[in-house]
Amino acid sequence: MPPLENDIVNLEGVWVAYSGSDRPAMRNINLRVSAGKLTLITGPNGAGKTTLLETCLGLLKPYRGRAYLFGVDTRSWRIREARKMCSFVPQDFIKPPFEAYTVRRIIQLGFAPYKSIFESLTEKENERIQWVSELLGIEDLLDRPIGTLSGGQQQRVVIARALSRKPRALFLDEPFSSLDREGRKLVSKVVSEYVRKKDAAAIIVSHDVNPIIKYADTIVRMDNGKIISGDCYA
Amino acid sequence: MLEILALALLAAVLSGNLCGAVGFYVQRLKITTLSFSVAHAALAGASLGLILNFDPVYSAIVFAISSALILGVIFTKMQYGRELVSMAIFSASSAIALFAIYMSNVRVLATASIAVVLWGSLLAVTVQKLIILVLVLILFVLYILAYRMHIDSMLYDVKLAEAEGLNVQAHMLAMLFFAGVIISLSFRLTGGFLVFALLYNPVAAALQLTRKAYMQLFLSSTLGAVSALTGLVVSYALDWPVGATIAIVSSTILLLAYLFKTATEMARKRKLRNV
């Protein structure tokens, strides 16, 4: 299909393999995600969900096919500019007990790519951090070292960092993995409202579809490195 | 003689401080192996400088920066196997260094010019080299302060920083560049084979003593300076080789830090058992 103007992600016949592996982790993937849509990617362990997310962001490069983020080829050096419009919540977010960065500092660091030399955060950005923290119920944790928090609290912190950046695209890898039932409901609601209000896109990888399925515009099922069902042109 | 000693003491404090600080960053950014290769490239450069009649410090800097650039490009292009390429550069650099020493006219390893490159020398510090060290220190501090948010973001989580659009490769390259230059300037004191004692022992000791990142940075650079200074004074007093003495002092500090940590951990566990 020809590229559209409001395409946020566009994968065209993408194959990805990890170095040293003799089989591709993702095969012939076609996927298009546009603004204002929430796409849920699901499938069993090893289906290629995380690989897909990291390929969209250009962290993994295809050896065949083309991957575009905001119209920028992920192989191009300009991909960094496209990434600045995105936020990412990684799967392996838990930090060890000795990690001493405070929650506030960690959320502030999400603004680092927008900052030039010697520049610090504006009043408005700090207010936004406070607002997002209240939204996700972590305002009392702002001055606590991240390593002293539980897995669920740490997961809320990385989600708060992602939302504070006002991204045009959210890439969330298993964002409910450490959350309790209430936390899952809250994060699902906050993310879906953000997508609608800001006309942003969200790609959520989750093997547990329950908390988010009712908000999803598109559900893509993956298995063995391939998309097995779902509308690939969201 | 006093002037030479004063120069050496100043150089020791600056080198130890810089090595400790850069060691902290390379350890946190998980590019220790890469910096190890850059250090050996510096040694190869210095050894080639000997047979080509260049100042070994400058040829070491050229080699260190070149290898940092190559490793920086590899870091950008390769997602896996970076460590292996780094090890290949390390072995090639060591081979070049040993060949250069073999090919040089002098065949005795204790000969003054080779001794400076291999084992370090108190007499090797000049005013010019000291000024360069001060300039590098100023540049390094300015870089860290200017890009504090960027560097903090990488220290917290490199992959997340990259996904958010930070130029991770450029900062890794900058860090390797500083590591290369600092190593090249420091091995005049410690010698090419023992410069790692100043680069990695202080940060390893700091990791034993505190869990806070900024305290680790402060302790690493302070312990680096203390190791270099104490080593220099002891080597002067006992007429021991300076590089080896600095390495022994920094290793002793690491051992003491480890024993201190073990003792406090045991005390903490005993206290917990009594609660």
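Analyst: Contact means heavy atoms within 4.5 Å. The model discussed here is predicted.

User: What does helix H5 of chain A lie across, and how is it directed relative to S6(A)?

Analyst: Helix H5 (residues 151–164) of chain A lies across S6 and strand S7 (169–173) of chain A. Its direction is at about 175 degrees to S6(A).

User: What makes S3 and S8 of chain A a pair?

Analyst: Two strands pair if there are at least two bridges between them. Strand S3 (residues 38–42) and strand S8 (residues 201–205) of chain A are joined by four bridges, so they count as a pair. The two strands run parallel. Within S8(A), A:Ile204 stands opposite A:Leu40.

User: Why are S6 and S10 of chain A said to stand at the edges?

Analyst: The open sheet has six strands in the order S6-S7-S8-S3-S9-S10 (chain A), with mixed pairing. Strand S6 (86–89) and strand S10 (226–229) of chain A each have a single partner strand, so one side of each has no neighbour in the sheet. From one strand to the next, the twist averages 20 degrees.

User: Which classes of residue line the second largest pocket?

Analyst: That pocket has a volume of about 290 Å³. Among its 20 lining residues, B:Tyr25, B:Phe140, B:Val141, B:Ile144 and B:Leu217 are the closest to its centre. The lining has 16 nonpolar, two polar and two charged residues. Tyr, Phe, Val, Ile and Leu count as nonpolar, so the five residues closest to the centre belong to that class.

Notes: Residues are numbered from 1 along each chain as its sequence is written. Chains are lettered from A and ligands numbered from 1 in the order in which they are written. This is a predicted model: local features need pLDDT of at least 70, side-chain atom pairs count only at pLDDT 80 or more; totals for chains, interfaces and linings use all residues. Side-chain values use heavy atoms; hydrogens and water are left out. On a 1 Å grid over the protein atoms alone, a cavity is a set of points where a 1.4 Å probe fits but cannot get out, and a pocket is an open set with protein on both sides within 12 Å along at least five of seven lines; lining residues have an atom within 4 Å of a point. Grid points are joined across faces, edges and corners, and a volume is the space filled by probe spheres set on the points. Axes are lines fitted to C-alpha atoms, for helices over the stretch in contact, and angles run from 0 to 180 degrees between N-to-C directions.
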